[in-house]
Amino acid sequence: MKNALSFLFIFCFLSFSQQGLAQETITTTDSLFSLVNKTYTQQRDFDYKGAIATSIFIENEALKANNYILASKSNLRLGSVYLSMRDASNSLSYYRTALEYALLSKKDSLISGVYNDIGNAYMETGSDLQKARENFEKAIEISKRGGETDKDRIASLLNIAWVHIVLKEPLKALPYLNTSREIIESEGDIICYVLTIPVQYSC
């Protein structure tokens with residue numbers, strides 16, 4: 001009887017300990033996601049040093065838990081911050097690392113988003129518009145595979161259209177603009193449609 005009670009005590013102790021660890025992991029993950037949001041504020045306030053330090057901390061903590069989603073997001077934030085600093089080399093380096101983690105996460109929506117951000121980096125720096133287009137197209141391809149809605153693809157579609165406009169290829173931009181307009185009209189999103197007007201008139 002004594003042994004049975006001892007076993008029951010140990011079992012209950014371990015169960016509560018595991019629940020505590022699970023709760024601690026959840027809290028830690030939530031805290032890290034909150035820190036991701038914090039980096040947006042730091043970047044907006046031109047606190048680039050703070051945003052970089054916070055993002056690196058997030059990555060280190062995420063990797064301890066093999067959380068590749070957070071590891072990818074932290075590198076996306078680093079890529080964005082360095083892009084704001086006009087450091088294209090470091091920006092693209094962090095975006096590529098973000099892609100590596102996104103692929104490990106096997107989350108198509110994240111992978112698609114990273115490809116779109118890499119395309120944006122190439123486009124904003126003007127370093128390689130063809131690579132920008134290739135990454136936007138890859139983002140669309142993966143978003144279709146991942147079952148995302150048509151509306152989720154609008155950003156990449158408009159980005160490809162803009163690349164063709166910059167390359168002075170307006171006729172190649174039109175199919176992407178038309179597809180975007182069809183999606184927006186079907187969704188009834190007037191605000192998004194208004195945002196596409198400047199791009200349409202550029203054609």
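Reader: Does Ala173 count as buried or exposed?
Author: Ala173 lies in helix H8; helices (H or I, at least four residues) and strands (E, at least two) are DSSP runs, numbered from the N terminus. A residue is buried under 20% relative accessible area, exposed over 50% and partly exposed in between (1.4 Å probe, protein chains only). Ala173 has a relative accessibility of 0%, so it counts as buried.

Reader: What kind of model is this?
Author: Residues are numbered from 1 along each chain as its sequence is written, and side-chain values use heavy atoms, without hydrogens or water. Local features need pLDDT of at least 70, side-chain atom pairs count only at pLDDT 80 or more, totals for chains, interfaces and linings use all residues, and the model is predicted.

Reader: How many contacts beyond near neighbours in sequence does the stretch of residues 1-27 have?
Author: Contact means heavy atoms within 4.5 Å. Residues 196-203 have pLDDT under 50, and there the model has 15 contacts beyond four places in sequence. Over residues 1-27 the pLDDT is also below 50, and the number of contacts beyond near neighbours is 0.

Reader: How many helices does the chain have?
Author: From the N terminus on, the elements run α-α-α-α-α-α-α-α-α. There are 0 strands, and the number of helices is 9.

Reader: How many residues are in the second, separate core?
Author: Val114, from the largest core, is in contact with Ser72, Leu76, Tyr95, Ala98, Leu99 and Ala102, leaving aside its neighbours within four places in sequence. The second core is separate; it includes Leu32, Leu70, Ala71 and Tyr101, and its residues number 7.

Reader: What is the relative accessibility of Ser156?
Author: Ser156 lies in helix H7. Apart from its neighbours within four places in sequence, Ser156 is in contact with Asn116, Phe136, Ala139 and Ile140. Ser156 counts as buried, because its relative accessibility is 5%.

Reader: How far apart are the C-alpha atoms of Asn135 and Gly119?
Author: Asn135 has its place in helix H6 and is buried, with a relative accessible area of 11%. Not counting residues up to four places away in sequence, Asn135 touches Tyr115, Asn116, Ile118, Gly119 and Tyr122. Asn135 and Gly119 are 16 residues apart along the chain, and their C-alpha atoms are separated by 5.0 Å.

Reader: What is the angle between the planes of Phe46 and Tyr48?
Author: Rings of Phe, Tyr and Trp (its six-membered ring) pair if their centres lie within 6.5 Å; planes under 30 degrees apart count as stacked, over 60 as edge-to-face and the rest as tilted. By this rule there are 3 aromatic pairs. Phe46 and Tyr48 form an edge-to-face pair, 6.2 Å centre to centre, and the angle between the planes is 85°.

Reader: Which helix holds Tyr94?
Author: Tyr82 and Tyr94 form a stacked pair, 5.4 Å centre to centre with 15° between the planes. The pair links distant parts of the chain, 12 residues apart: Tyr82 is in helix H3 (residues 68-84), and Tyr94 is in helix H4 (residues 88-105).

Reader: Where is Lys106 placed?
Author: Phi of Lys106 is near 60°, a positive value in a residue other than glycine. Lys106 is exposed, with a relative accessible area of 71%. Its place is in the loop between H4 and H5.

Methods: A nonpolar core is a set of buried Ala, Val, Leu, Ile, Met, Phe, Trp, Tyr and Cys residues joined through side-chain atoms within 4.5 Å. pLDDT is the predictor's confidence in each residue, from 0 to 100.
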